[in-house]
Amino acid sequence: MTTFSYEEPEPLTGELDLEDRQALRRVAGLSTELRDITEVEYRALRLERVVLIGVWTDGDEVHAENSLRELALLAETAGSQILEGMIQRRSRPDPATYVGSGKALELRDVVISTGADTVICDGELAPSQLRRLEEIVQVKVIDRTALILDIFAQHASSREGKAQVELAQLEYLLPRLRGWGGNLSRQVGGRAAGGVGIGGRGPGETKIELDRRRIRTRMAKLRRQINEMGKARDTMRSQRRTRAVPAVAIAGYTNAGKSSLLNRLTGAGVLVENALFATLDPTVRRASTPNGRAITLADTVGFVRHLPHQLVEAFRSTLEEVTDADLILHVVDGSDADPEAQIAAVREVLRDIGGADVPEFVVINKADLADEMALARLRRHEPHSVVVSARTGAGIGELLQAIEDALPRAEREVHALVPYDRGDLVARAHDTGEVLSQEHTAEGTALHVRVPDRLAAELEPYVSAQV
């Protein structure tokens with residue numbers, strides 16, 4: 001009798017990352033944190049039972065509801081339990097409490113009735129607004145920016161990603177530091193401490209001033225580290241440019257399926273999870289177009305409406321993968337309720353980082369989940385687009401051909417008969433150019449190629465033997 005043995009396949013990197021992320025979950029109700037909400041900025045965020053509040057200032061009601069639904073998804077990604085959501089119609093947010101004094105009292109009643117321990121506001125609050133609203137509702141209050149920063153802190157895994165997130169968090173925290181109790185006392189030193197008379201006594205430094213100085217010192221150190229890591233990234237990009245390999249950057253709204261698309265095109269095996277900002281660290285992989293032309297595909301961090309400017313600045317070295325690309329694949333979730341708003345939000349961030357001039361091609365993903373009418377509307381809105389499903393593979397062939405057509409052509413067309421002892425030139429023609437035809441003859445390899453100027457110059461001695 002023949003026996004068969006079966007070995008489990010090695011798990012992909014993304015599967016291992018997902019398993020590690022799901023290995024530790026918060027247990028509701030087991031909290032040892034202090035109840036004094038005045039100390040909120042000195043603790044790590046612990047989002048548990050939350051009430052959402054948004055201010056609707058422009059657009060229609062559908063747009064406001066979609067924004068609050070997205071806030072709910074962000075909160076769930078951070079580990080929260082959503083209890084209630086409220087939207088207030090105002091011409092502009094209240095400068096004192098964000099929602100106005102009457103709505104703040106109503107919000108307090110909702111917090112008491114639901115047993116919430118956190119209020120999340122759908123916008124960025126000024127420090128004074130944050131403090132005043134906390135005084136009224138008597139639970140911790142955070143804004144959309146702090147929520148996104150918390151998700152980034154949970155999901156960052158590389159050394160560069162952790163440094164970028166920490167820098168963004170410190171930039172957000174610095175103007176929001178508060179002191180309480182004994183921490184407001186002066187730290188008096190020098191001659192003043194020795195009892196010297198007039199002119200010798202000084203106020204010294206408060207505890208909060210010491211904290212600010214430590215934070216600024218830490219921020220300066222993080223910027224130096226990020227700059228050093230950015231140099232290594234610049235070196236790798238320059239090497240790819242030297243080899244004349246076209247660069248394609250995958251950008252788009254968070255959870256639009258960018259990592260899934262990269263896996264489908266290259267087999268990269270990066271983490272895929274149905275959550276916002278599941279992957280933060282950029283991944284660059286090699287791929288080929290239908291005619292065999294080598295390209296690089298770079299997955300980038302996802303964008304979102306009102307992406308915190310601290311994150312844009314901190315992740316600028318990472319986002320340069322987009323600005324240095326030859327083509328941007330703008331991935332859109334075709335099944336989303338408002339994909340046009342996603343497209344607008346992504347293009348706004350691309351303008352901020354200097355990527356507005358890079359050629360763009362729209363990839364409408366999740367065709368297997370999207371409504372046919374919605375897809376047809378998107379195609380009319382974005383004529384230079386292709387509909388795909390990264391999960392099923394539908395439309396991937398059409399996408400690869402579209403990439404081939406959109407990429408810039410190599411500079412010179414050459415006919416050459418390359419001796420067999422110069423196989424390195426043939427290999428480089430395949431890697432960096434476009435091989436239109438190839439034939440092996442008794443004298444060597446007959447090539448008809450489009451190649452960069454540098455390689456065309458090296459092929460020049462063999463051009464005289466044209467085919």
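## Spaces and contacts in a predicted model

Welcome: the structure holds one cavity of 30 Å³ or more. This is a predicted model, in which local features need pLDDT of at least 70, side-chain atom pairs count only at pLDDT 80 or more, and totals for chains, interfaces and linings use all residues. Residues are numbered from 1 along each chain as its sequence is written, and side-chain values use heavy atoms, leaving out hydrogens and water.

On a 1 Å grid over the protein atoms alone, a cavity is a set of points where a 1.4 Å probe fits but cannot get out, while a pocket is an open set with protein on both sides within 12 Å along at least five of seven lines; lining residues have an atom within 4 Å of a point. Points are joined across faces, edges and corners, and a volume is the space filled by probe spheres set on them.

| Space | Volume | Lining by class |
|---|---|---|
| Largest cavity | about 60 Å³ | eight nonpolar, one polar, no charged residues |
| Second largest pocket | about 720 Å³ | 14 nonpolar, eight polar, eight charged residues |

Here Ala, Val, Leu, Ile, Met, Phe, Trp, Tyr, Cys and Pro count as nonpolar, Asp, Glu, Lys and Arg as charged, and the others, Gly among them, as polar.

The residues lining the largest cavity include Phe 152, Gly 302 and Leu 319. In the second largest pocket, with its volume of about 720 Å³, 30 residues form the lining, and His 63, Ser 67, Asp 122, Arg 305 and His 306 are the closest to the centre.

Elsewhere, Arg 89 lies over the face of Trp 56, 4.5 Å from the ring centre (the criterion is NZ of Lys or CZ of Arg within 6 Å of the ring centre and within 35 degrees of the ring normal).
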